[in-house]
Structures are given as structure tokens and as C-alpha cells.
Amino acid sequence: MVKRRFIEPDLNDAVEGRVGPYRLAMVYRQITGDAGPTIHVFGPVEGQDREILRFDCFKNVPHIHLGISYLDEPVQLIDSPDPFDWVLEELGQHFPDYLMRSRAGCELPADWQATTGRAIEAFRTANTRNTTV
């Protein structure tokens, strides 16, 4: 897949949650030829608050950006018939692994799965509302 350039996200209508020093934000995005929910993860990287992960759960080409605001890495495709549910499952079970893969380090609190679970439920509820309108 082609390398991308970083574009600051528009989070005006975001549903947000916190997990330790990380802020998770979900918005519904429409881009040329594709659309779907996007989950952003922001947190500390070398003393600055940066966008660490972006999960684009698009209908046509769902994909993940690791280290989106500071690494020049190609995106990774999501191979799932339901990319949104797949991403929520991955975050709930493997959030520390994604942080490490993005080279951001991992500063999650001991209760990270519980707090991530609350954010996931808020995202699920918001996405259900968005898809039934």
C-alpha cells in the first residue's frame, strides 16, 4: 500500500475515552470513495502528545496506521468482514501490543482493559446510532 502523509484529524463530533495517558476518539469519516468510523489514539511520544494509532474502519479499504503522526510507515490492511468490531476486539485484548508496534512505548495502567472496555462500549453505542440514522 502507498505511504501516506499525516493530516490532523477533525475531532469536532468525536466520542472520547481515556485510558491512562491515552485519549481515544472515534469519529465517522467520509473520504473520496470510502467511509466509516475511525478510532484515533493520542498519547505521549518523546514528551509530546501525538497521534499514535489510527484505525480506519472503512467499508472498502479498512486499514491501520501505526505511529501515524511521527513514522513514515505504510498502512496495514484490516482483513475482516466487520472491521469495526475487529478493531474493538483488538483494542480490548491487544492495546499494549499496538502501542509497542507503533514505537510509542506503553504506559497503560493496571486496569487498562476495564477502562478500554468503557471506551469501546461508548464507541459501539455511537456507531450504532450513526448507522441507524
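# Exercises on a predicted model

The model is predicted; the protein has an average pLDDT of 90, and 92% of its residues score at least 70.

**Exercise 1. Find which helix has the lowest mean pLDDT among the elements and which has the highest.**

Solution. The lowest mean, 90, belongs to helix H2, residues 112-131. The highest, 97, belongs to helix H1, residues 83-101.

**Exercise 2. Decide whether His 63 is buried or exposed, and describe its surroundings.**

Solution. 
Step 1: His 63 is part of strand E5, which covers residues 63-66.
Step 2: apply the cut-off. Buried means under 20% relative accessible area. His 63 has 11%, so it counts as buried.
Step 3: look for polar partners. The side chain of His 63 reaches the backbone oxygen of Val 61 at 2.7 Å. The side chains of His 63 and His 65 are joined by a polar contact of 3.2 Å.
Step 4: list contacts, not counting residues up to four places away in sequence. His 63 then touches Arg 54, Phe 55, Asp 56, Phe 58, Val 75, Gln 76, Leu 77 and Ile 78.

**Exercise 3. Describe the largest nonpolar core: how many residues has it, and which have the most contacts inside it?**

Solution. 
Step 1: the core has 28 residues, and Leu 24, Ile 39, Leu 53, Phe 55 and Phe 95 have the most contacts inside it.
Step 2: strands E2 (22-31), E3 (34-45), E4 (48-56) and E5, together with H1 and H2, each supply at least two residues of this core. H1 gives the most, 7 residues.
Step 3: take Leu 53 as an example. Beyond its neighbours within four places in sequence, Leu 53 is in contact with residues including Ile 39, Val 41, Leu 66, Ile 68, Phe 95 and Leu 99.
Step 4: a general point applies. In soluble globular proteins, nonpolar side chains tend to be buried together.

**Exercise 4. Compare the end-to-end distance of H1 with that of a straight helix, and find where H1 bends.**

Solution. 
Step 1: a straight helix with the 19 residues of H1 would reach 27 Å at 1.5 Å a residue, but the end C-alpha atoms of H1 are only 19 Å apart.
Step 2: the bend, about 90 degrees, is at His 94, and Pro 96 follows within four residues.
Step 3: the buried residues of H1 include Leu 91, Gly 92, Phe 95, Tyr 98 and Leu 99.
Step 4: after H1 comes Arg 103, with a positive phi near 60 degrees.

**Exercise 5. Find which backbone nitrogen lies 2.9 Å from a polar side-chain atom of Tyr 22.**

Solution. 
Step 1: Tyr 22 lies in strand E2. Its relative accessibility is 0%, so Tyr 22 counts as buried.
Step 2: the backbone nitrogen is that of Glu 107.
Step 3: not counting residues up to four places away in sequence, Tyr 22 also touches others, among them Gly 17, Phe 42, Phe 95 and Leu 108.

Conventions:
Residues are numbered from 1 along each chain as its sequence is written. This is a predicted model: local features need pLDDT of at least 70, side-chain atom pairs count only at pLDDT 80 or more; totals for chains, interfaces and linings use all residues. Side-chain values use heavy atoms; hydrogens and water are left out. pLDDT is the predictor's confidence in each residue, from 0 to 100. Buried means under 20% relative accessible area, exposed over 50%, partly exposed in between (1.4 Å probe, protein chains only). A polar contact is a pair of N or O atoms within 3.5 Å; within protein, one must be able to donate a hydrogen and the other to accept it, and residues adjacent in sequence count only if both atoms are side-chain atoms. Contact means heavy atoms within 4.5 Å. A nonpolar core is a set of buried Ala, Val, Leu, Ile, Met, Phe, Trp, Tyr and Cys residues joined through side-chain atoms within 4.5 Å. The expected span of a helix is 1.5 Å times one less than its number of residues. The bend at a residue is the angle between axes fitted to the seven residues ending there and the seven starting there.
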